[in-house]
Structures are given as structure tokens and as C-alpha cells.
Amino acid sequence: MNRLVTVAEMTLRELLRRRGVLLLLLLMPLTFYLIRRDAYLGQSVRSLLLGVGWAVSTAALFATTAARELEPRLRLAGYRPHHLYLGRMLGLWTVGLVISVPFFLLPMIDGADLRYGGLAAAMLCSVAVAAPFGMLIGALLPRELEGTLLLLTVVTVQMLIDPAGSGARLTPFWSSREIATWTVDNTDHGYLSRGLLHGLVVTALLAVGVAAVASVRLRRRRHLRHLPVG
Amino acid sequence: MNADDWLRTLTAELHQRRVAADAARHVVAEAATHLREGGGDPWVVFGPPQQYAGAVVESIGTAPGPRPGPVRLHAAGITKRYGRRSVLRDATLTVRAGQIAAVIGANGCGKSTFLRICAGLMSPDAGEVTVSGRLGYCPQSGGTADFLLADEHFVLIGAGQGVARGPARRAGRAAARQLGWEAGGDVQARHLSGGTRQKLNLTMSTLSAPDVLLLDEPYQGFDQGTYVNFWDQLSRLRDTGTAIVVVTHLLNQLDRVDIVLDLTPARETGWHAPGIQGGRP
């Protein structure tokens, strides 16, 4: 447990020291919100949620790429793969929650008439999905630039795709969009439950994906035999 | 260099050359007395401290080193190919507790690959490695977190072994001091100079008190003093029974090692030549 918490803490410390990156990441959801501010409120809130998802995914991508060279030696120092990826995920979820607070308050200050419980649930879904999503991309693509471009592609698709179409459900942040509809448009509870279920399933699938990649990359190689000190 | 510095360098040289502690103390005391009573520049009276230490060793010999212990690392028949290019072919190395092995060879001959295979960070196409005890590894570069302080690196490594924060920090600072570095500052790793960053890297690899220590040219960017401290520290670790493998291209240090593995493709690979190709007799 101590190892898990230590990795989470160090992830947090690293991210909080990347002040420039953090500031730019915070700017994105804000811009997304403001750019749609004069139009329909629903679009504005959906863009805000997508912005939060993008920000946390990017932070996760950077954290994972930065740890690529450190992790093998931490493995040698006594960490198991799950300490490393779960600890990092825990740290990223914490950062995500901290980032979400001002964006949760933003529509409130702006005087938007919303179901705020729904907004909180959508934010949670967005953060929950974004951390393992960014980590998975970071684990699969070794360079930040490639990962960022892929993230950008996914977010653009998410933004442009018809949410009612069946393909939209395959996009990672569909859950927060669905819950946002319930939040803004006062639709039936089906939107909320579908969104929550989607968020849960996608988070679980992405976390399993991260675990699989980390377990392969940090596996104990078969050619190496460890004996106790005789 | 004044007389005190000269005497200090002589003491270090005698220690490195394994002159028995009592004999070394006697030699240094005699030299100090001579300088105090006779005066004069030690460089003129005795010559360079390294040369004088060499003369002392020739005259009185060295203390026998501790007998090598049980086998800690055995790499047998290591073969690795990248596509069609064969990098390692049937490389073999055995290192016992209390021995230093140097892996040498031309650029691109697979020294780092061999070490990564020994550390279990990469799979070979053939061969196996047996390690007794805990493994420590120091890469050529990287291996640190840009935005963390040195103390935080020590805490991170310590937690892997179940060591509490305070003791991990203290152990890290003490190990860094052996390399002439005060590590307790408030500086993130990305702001450290190349050499200091390598000191952090090296300190991290020794922090878990490994039984087998694998070092991939860890002295990149070290100044002369740190470089000397580095080899002193390796000697100390060897004396405490650590088996050390160090990748190096600096052949002038081979008299300080026990085993040399030359991976240059022109030769037969995997030979083991203590005392012949520069290994310490």
C-alpha cells in the first residue's frame, strides 16, 4: 500500500511542478466553455466536459511518457507492475479531481440552470475515463508528440461525431456527453444511467488495457533466474 | 597542491592500491615527518603521489584482497540479434561476490545490451542469466524523474524496499556524499548538471544495497575528483561483498577490476581473463 501511495504522491508532485503545462491544460476547458458561451448552453457544458477530459488525458500521457525510463529501475527496486500503474492512475485521478473543481463551479457562477448533481457525475466520468485513456496512449506510443496527435484526433472525432449514432458509443467520452444531456436538457433518467454505465465500462476496459501493457513491458523475463543469497 | 593535499592524495592512492592499512599509515606518517623536518615541496622531494604510491607498492607489496565469495551473477551463452545484425554471440560472464567485472568493447558491440539483458530489462535470443540476491542497475543516462528532487528519488527507491522516508533520505544523502555531492538541496533533477544527475543516478542504484550492481558507463560528465571517488566507492562496495559489473571504454582503469569481458566482435566473445587483460592480479 505504501508503494502505491508513494507512486501516486510522486506523480502528483511531478504534475504540480509542471506549472506551464498545467496552466495551458486549464486554459483549454475554459476556452471550450467560453467559445460556446453565447450559443446553446448544452453545447457549452459538453465542450467544457470534453476540455476537462482532454486536459486530464494529456496530463496522463505526459506522466506516463516521463516515467518510461524510470519504471524499469523501480521494478528492480522492488515495485510490482500494479504498484506503478495503479499508483500513477491514483495520482492522475487526484489531479483530475482538483482540476475539475473550478470547472464545476464555473457554470454555477455563470448562473446556468442545470442539474448540478449531473454535472458532478459527468465530470467524474470524464476524469475517470481520461486518466487510463491518456496512460494507455502513453504506454503504447513512446513519444509525446505522437500521443498528443492521437489524443487530438480522438477529441476531434468525439466533438464532430453524431452522438445519436451507434459509432458514438465507441468514443471514450460518450458517457459524459450523455450525462451532460440529462444535466442540461432535463431528459429522462435513461441518459444518466446509460452514461454512468458507459463511463464505468470504458474506465474498467482502459484500466485493464493499461494493466496488460504494463505487465508485458515490465514483466520478469524468462531468461533471468533469481536465487536467494546463499 | 600543498603538502597536506599531497599527503591526502598519497593516502587515497595507497588505499586504492590495497596497501595494508597499518603499513599505509606508517608510510604517510614517515613522509609527513620528513616534510615537516626537512621542508621542501613534496613534488620535488617525493615526486607525484601516484608515482610514490606505486614505488611503495613495489617495495612492500599489497594486502591480499578478500577472497571472492560465491557466484552472484552468471550469464551464459547470451546471444542477441537486431534484425539480421548479430550484436552479441554466446557471451558469458561469471562474477562472484567481492569482484568487479569490466565489460569493454568498441562502440555498438553490445555492451549496454548485455547489461540490460543481465538486468532483465531486455530478452536475449538465446542464453540465460542467474542472479543471486538483489539487483541494482544504473543506466548510461535517463532513469531519473525530471521534476522530482533528489530526496524524492531516494524516498521513491526506498519505498520499493519498504524503507521509511527518513531513513531512505538519510541513506541517499550519505551515498551521495561518497561521490562528493551534498544531495539535500531544493533542486529538481532537470536543473542538475549532467555530472550531478549521473551522481543521482548512481546513488539510486546503490541505495537498495544490491548484491549485484550493474553500471552502464555511469561516470558520464563526472569531473576528475568525482571520477576518483567513483572508483573508490566501487572498491568499497567490492570489499563489502558486492558483485559489480561496469561497462567502460576507459581502459586505463582495468587494473582496478578483477575480470574483463571484451565484447569486440573481432575476438572470441565471452572470455574471462583475470590478471591477463588488465584484470587485477
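Predicted model: local features only at pLDDT ≥ 70, side-chain atom pairs only at ≥ 80, totals over all residues.
In the UniProt record, an unreviewed entry, residues 196-216 of chain A carry the annotation "transmembrane region", as do residues 20-36, 48-68, 89-109, 121-141 and 148-168. Among these, residues 48-68 of chain A are 90% helix and 0% strand, with end C-alpha atoms 30 Å apart.

From these annotated stretches the description passes to the contact between the two chains. Chain A contributes 29 residues to the contact and chain B contributes 41 residues. About 3,100 Å² is buried between chain A and chain B, and carbon and sulfur atoms account for 55% of that area. Across this interface, 17 residue pairs are in polar contact, both residues of each pair being at pLDDT 80 or more. On the side of chain A that touches chain B, the elements giving two or more residues are helix H1 (2-17), helix H4 (70-76) and strand E1 (224-227) of chain A. H1(A) gives the most, with nine residues. By residue class, the side of chain A that touches chain B comprises 12 nonpolar, six polar and 11 charged residues.

Charged side chains also meet within and between the chains. Side chains of opposite charge can pair when their charged atoms come close. Over all chains the structure holds 13 salt bridges, and the count between chain A and chain B is three. In one salt bridge, the side chain of A:Arg13 meets that of B:Glu152, with an N to O distance of 3.1 Å. The side chain of A:Arg13 also forms a salt bridge with that of A:Glu9, at 2.7 Å, N to O. Where do A:Glu9 and A:Arg13 stand relative to each other in helix H1 of chain A? They are separated by about one helical turn, because they are four residues apart in that helix.

E1(A) is joined by four bridges to strand E4 of chain B, residues 126-132, and the two strands run parallel. Within this pairing, A:Leu227 stands opposite B:Ser132 in E4(B). Strand E1 of chain A, residues 224-227, is also one of the elements that give two or more residues to the side of chain A that touches chain B.

Definitions and conventions
Residues numbered from 1 in each chain as written. Chains lettered and ligands numbered in written order. Heavy atoms only, no water. Contact = heavy atoms within 4.5 Å. Buried area = accessible area lost by both parts, 1.4 Å probe. Salt bridge = Lys/Arg side-chain N within 4 Å of Asp/Glu carboxyl O. Polar contact = N/O pair within 3.5 Å; in protein donor to acceptor, adjacent residues only side chain to side chain. Nonpolar A, V, L, I, M, F, W, Y, C, P; charged D, E, K, R; others polar. Pairing = 2+ DSSP bridges. UniProt positions renumbered as here; feature names shortened; annotations may be inferred.
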